[in-house]
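Welcome! Please take a moment with the sequence and the model, and then let us walk through them together.

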Amino acid sequence: MNISISSENKKEYLFIESKGNLETKEELIEHSHILYDEITKHGAQKILINEPETYFPLELFPYFGLIQDYQDNFPPEFRNLKIAIVVADEYKEVAASWETLCQNRGLKFFAFTSMQDAISCLIS
């Protein structure tokens, strides 16, 4: 896994930028834990994760394990977060599937290919 993460508190949300390569379910899980650590460090409830320069697996199977990890290894307050991610167009379908899996489990996680749409979702 080769990933870099930076964050900045905005007026209405925490902005996190992620760049790099994620190739396996294990790397997706590790990435999610790094992001969660960043979120808790800032005490944010609304988070925009900008990832158009992050490369993800295109097959869906790793995301089932990722969602299961959310349920098994994150505290209950994880469910209170509202997260919008922005991905490159090539990940639109896999991101939509991730969003559906998350929302079916009660998480307020949303996927976009437009920064403006993601911001609108968070501040509405």
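We begin with the sheet, go on to the helices, and end with some side chains.

This is a predicted model, in which local features need pLDDT of at least 70, side-chain atom pairs count only at pLDDT 80 or more, and totals for chains, interfaces and linings use all residues. Residues are numbered from 1 along each chain as its sequence is written, and side-chain values use heavy atoms, leaving out hydrogens and water.

Let us start with the sheet. Five strands form an open sheet in the order E1-E2-E3-E4-E5, with mixed pairing. Helices (H or I, at least four residues) and strands (E, at least two) are DSSP runs, numbered from the N terminus, and two strands pair if DSSP finds at least two bridges between them. At the edges you will find strand E1 (2-9) and strand E5 (108-112), each pairing on one side only. From one strand to the next, the twist averages 20 degrees. 

Strand E2 (residues 14-21) and strand E3 (residues 46-55) run parallel and are joined by seven bridges. Ile16 stands opposite Ile49 in E3. E3 also pairs with E4, again in the parallel sense, over six bridges. Here the bridge partner of Ile49 is Ile85 in E4.

How many residues of E4 are buried? Six of its six residues are, so the strand is mostly covered; buried means under 20% relative accessible area, exposed means over 50%, and partly exposed lies in between (1.4 Å probe, protein chains only). On one side of E4 sit Lys82, Ala84 and Val86, and on the other Ile83, Ile85 and Val87, all of them buried.

Helix H4 (residues 115-123) lies across E2, E3, E4 and E5, running at about 160 degrees to E3. Back in helix H3 you can find Ala96, which counts as partly exposed at 36% relative accessibility. Ala96 and Glu30 are 66 residues apart in sequence and 21 Å apart in space, C-alpha to C-alpha.

Let us turn to charged side chains. The structure holds two salt bridges, each defined as a side-chain nitrogen of Lys or Arg within 4 Å of a carboxyl oxygen of Asp or Glu. One joins Glu8 to Lys10, with the closest N and O atoms 3.7 Å apart. Glu8 is partly exposed at 41% relative accessibility, and Lys10 is partly exposed at 37%. In another salt bridge, the side chains of Glu38 and Lys41 meet at 3.2 Å, N to O. These two residues are separated by about one helical turn because they are three residues apart in helix H1 (residues 25-42). Glu38 counts as buried at 14% relative accessibility, whereas Lys41 counts as exposed at 60%.

Finally, visit the surface. Leu60, Phe61 and Phe64 form a nonpolar patch there, with about 340 Å² of accessible area together. Patches are made of residues with over 30% relative accessible area and no salt bridge, joining like charges within 9 Å and nonpolar side chains (Val, Leu, Ile, Met, Phe, Trp, Tyr) within 5 Å; accessible areas come from the Shrake-Rupley method with a 1.4 Å probe, and for residues only the protein chains shown count as cover. Phe64 belongs to helix H2 (residues 61-73) and is partly exposed, with a relative accessible area of 45%.

Definitions and conventions: Axes are lines fitted to C-alpha atoms, for helices over the stretch in contact, and angles run from 0 to 180 degrees between N-to-C directions. Contact means heavy atoms within 4.5 Å.
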